[in-house]
Amino acid sequence: EQESEDDIHSSRSSLDRQSHHRANTTMHVCWYRNTSVSMTDHSVAVENQLSGYLLRKFKNSNGWQKLWVVFTNFCLFFYKTHQDDYPLASLPLLGYAVSSPVEADGIQKDYVFKLQFKSHVYFFRAESKYTFER
């Protein structure tokens, strides 16, 4: 069924109005990043949730910030401690690639992984081999 131009504009404006409230929903991220999630991936994601401390590298600095991180529903949620009720920030991971840092990244630490989507790059460091492998 074809949509009229008015239908397209009205659905876009309603999405724009709601985007600041639901910016991290799987549907919104899929739409925004022009990607999709299979039912199999969705089922696996619901069954696999992780939490623990990770160190996040500050941009253009040698410093690392220790954060309690919860991975659920294709998203990382960042808290100061495991006792916080609300996250400081979140990072929807759909479309991101996970890799090890390369020499050009200039990171000389163990247990570091790199998350990258287009020009957005984040580095995280685990405190142990066990946590890194999880």
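In which strand does Ser99 lie? Ser99 lies in strand S5, where helices (H or I, at least four residues) and strands (E, at least two) are DSSP runs numbered from the N terminus. The model is predicted, and local features need pLDDT of at least 70 while side-chain atom pairs count only at pLDDT 80 or more, whereas totals for chains, interfaces and linings use all residues. Residues are numbered from 1 along each chain as its sequence is written, and side-chain values use heavy atoms, with hydrogens and water left out.

The protein chain contains four helices and seven strands, and from the N terminus on its elements follow the order α-α-α-β-β-β-β-β-β-β-α. Of its 134 residues, 26% are buried, a class defined by a relative accessible area under 20%, with exposed meaning over 50% and partly exposed lying in between (1.4 Å probe, protein chains only). Among contacts in the chain with a separation of 6 or more, 30% join residues 24 or more positions apart, contact meaning heavy atoms within 4.5 Å. Ser99 itself, with a relative accessible area of 35%, is partly exposed. When residues up to four places away in sequence are not counted, Ser99 touches Phe113 and Lys114; the C-alpha atoms of Ser99 and Phe113 are separated by 5.8 Å, although the two residues are 14 residues apart along the chain.

The interior was examined in terms of nonpolar cores, each being a set of buried Ala, Val, Leu, Ile, Met, Phe, Trp, Tyr and Cys residues joined through side-chain atoms within 4.5 Å. In soluble globular proteins, nonpolar side chains tend to be buried together. The largest core here has 13 residues, of which Leu76, Phe78, Leu91, Leu115 and Phe124 touch the most other members. Strand S2 (64–72), strand S3 (75–79) and strand S6 (112–117) are the elements that give two or more residues to this core, and the largest share, three residues, comes from S6. A second, separate core of five residues includes Leu55, Trp64, Val112 and Phe123.

Phe78, found in strand S3, counts as buried at 7% relative accessibility. Residues up to four places away in sequence being left out, Phe78 touches Leu67, Trp68, Val69, Pro87, Leu88, Ala89, Ser90, Leu91 and Phe124, and the C-alpha atoms of Phe78 and Trp68, 10 residues apart along the chain, are separated by 5.9 Å. Leu91, with its neighbours within four places in sequence set aside, is in contact with Phe74, Cys75, Leu76, Phe78, Tyr96, Leu115 and Tyr122.

A search of the whole structure finds six aromatic pairs; rings of Phe, Tyr and Trp (its six-membered ring) pair if their centres lie within 6.5 Å, and planes under 30 degrees apart count as stacked, over 60 as edge-to-face and the rest as tilted. The pair formed by Tyr96 and Phe117 is tilted because the planes stand at 35°, with the ring centres 5.6 Å apart. This pair links distant parts of the chain, 21 residues apart, with Tyr96 in the loop between strand S4 (89–92) and strand S5 (97–99) and Phe117 in strand S6. Both Tyr96 and Phe117 are buried. The rings of Tyr111 and Phe132 likewise form a tilted pair, with centres 6.1 Å apart and planes at 45°. Because Tyr111 lies in the loop between S5 and S6 and Phe132 in helix H4 (residues 129–133), this pair ties together parts that are 21 residues apart in sequence. Tyr111 is partly exposed, with a relative accessible area of 33%, and Phe132 is also partly exposed, at 31% relative accessibility.

Lys66 lies over the face of Tyr53 at 4.8 Å from the ring centre, and the charged end of Arg125 sits over the ring of Trp64, 4.7 Å from its centre.

Methods: A charge sits over a ring if NZ of Lys or CZ of Arg is within 6 Å of the ring centre and within 35 degrees of the ring normal.
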